[in-house]
Amino acid sequence: MNHLIQNRLINEAQHGFVKSKSCVTNLLETMDFISMAISNGENVDVLYTDFAKAFDSVPHRRLLLKLESYGIKGKLLEWIKSYLSQRKHRVVMGEFLSDWIEVLSGIPQGSVLGPLLFIIYINDLPDEVSSVCKLYADDNKLITRVGSIEDENELQADIDNLVKWSQQWQIRFNAKKCHIMHFGKSNTRRSYFMNCDSNTHELETSNEERDIGVIISNDLKSSQHINLITTKANKMLGLILNTFSYLDLKSLRQLYCSFVRSQLEFAMSAWNPYLIKDIEALELVQRRATKRAPGLRSLSYEERLKKLNLTTLKERRIRGDLIQQYKIVNEIDRVNWHNKPIFVAESIENSTKPVTLGHKYKMIKESTRDNI
């Protein structure tokens, strides 16, 4: 890993199992590109791909060839070759045992080395396309502005190149699970095709897609995602309340924060809601949880929060945004903005008017025609 990082060999499009990258950085870069394009009156098409048994399909010989091309040689390469070879699997079901079968492909899952070997194997995939590519392990999406037939043809060419790459490196796409999402009011919603297994499949168009655990809608509103997570959180809260006959304040708070609130806050910097109905829908889950605290039912929501040492979810999202921005500014998280934020300190140098700086982290809020 040190060798790959120091020599900058890991593709910038990869966000999975890489230092300073995460689900959040992937989603922030994606939303940054799409939201700015929509704000500028442009249209965007996004291809969500799905590999068929990606981790199980990696051929060992081709993997070793790629490792060597990235400078991993000598005893280390021989060690990895030995680690992958002579593996056997069988199925055990009760008293019945299948025969042992030698494993000729696939990454050993559940291992520390497994995910790293996989991201090395697909590391050159983004180089095959001209569209913006975002990877999280085997989750891949292509994002491109479509303002003309030429742009649409270019995305179709990228899809064809992805298929050629998959055939060459023997990781197949599941065409039935690959979807196209169209963004923009004037989008022509063109059909795209994928040639897999000697068949031409028309890619299904979707209005919403699960992107690394977050529901992305083609209107860029977070309502569908919030409906999903509030339903899950309420189910988990109900399960907790039905499991325990008695909960003191400390236990309730710990269980709520661990199993309920965590579901309401995953990757929240990428979908932080602005509609009042969505904000209230999230807060309603916490209102319900605090009402079940012993001795607090008759108190107001604010008083219950104080007794449980909690804050509103809205305040936590603001705090979460500040923490995320701190990580980005201090390069704890690495985000490659397509539209880089402008800091006041940077604009002062080019300004002829007097500007009050305040502090060096103050940013300029750009004007936009859309709430999103």
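Reply: Start with Arg297. Arg297 is exposed, at 57% relative accessible area; exposed means over 50%, buried under 20%, and partly exposed in between, with a 1.4 Å probe and protein chains only. Arg297 sits in the loop that runs from helix H10 (276-291) to helix H11 (301-308). Helices are DSSP runs of H or I with at least four residues, strands are E runs of at least two, and both are numbered from the N terminus.

This is a predicted model, in which local features need pLDDT of at least 70, side-chain atom pairs count only at pLDDT 80 or more, and totals for chains, interfaces and linings use all residues. Residues are numbered from 1 along each chain as its sequence is written, and side-chain values use heavy atoms, with hydrogens and water left out.

Now the charge. Arg297 belongs to a positive surface patch, together with Arg287, Arg288, Lys291 and Arg292. Patch residues have over 30% relative accessible area and no salt bridge, and like charges are joined within 9 Å. A salt bridge here is a side-chain nitrogen of Lys or Arg within 4 Å of a carboxyl oxygen of Asp or Glu. Lys and Arg count as positive, Asp and Glu as negative; His and the chain ends are not counted. Each charge is placed at NZ of Lys, CZ of Arg, CG of Asp or CD of Glu.

Across the protein there are 51 positive and 45 negative side chains. The centres of these two sets lie 8 Å apart. The accessible surface is about 21,500 Å², and 51% of that belongs to carbon and sulfur atoms. These areas come from the Shrake-Rupley method with a 1.4 Å probe; for residues, only the protein chains shown count as cover.

Contrast Asn26. Asn26 lies in helix H2 (residues 23-39) and counts as buried, with 0% relative accessibility. Beyond its neighbours within four places in sequence, Asn26 contacts His15, Lys134, Leu135, Tyr136, Lys141 and Ile212. Contact means heavy atoms within 4.5 Å.

Two other loops deserve a look. Ala137 lies between strand S6 (132-136) and strand S7 (139-145). Ala137 is not a glycine, yet its phi is positive, about 55°. Ala137 is buried, at 5% relative accessibility. Gln170 lies in the loop between helix H7 (149-169) and strand S8 (179-183). Its phi is also positive, near 60°. Gln170 is partly exposed, at 40%.

Finally, the whole chain. The protein has 13 helices and 13 strands. Of its 372 residues, 44% count as buried.

How values were computed:
Patch = residues over 30% accessible without salt bridge, like charges linked within 9 Å, V, L, I, M, F, W, Y side chains within 5 Å.
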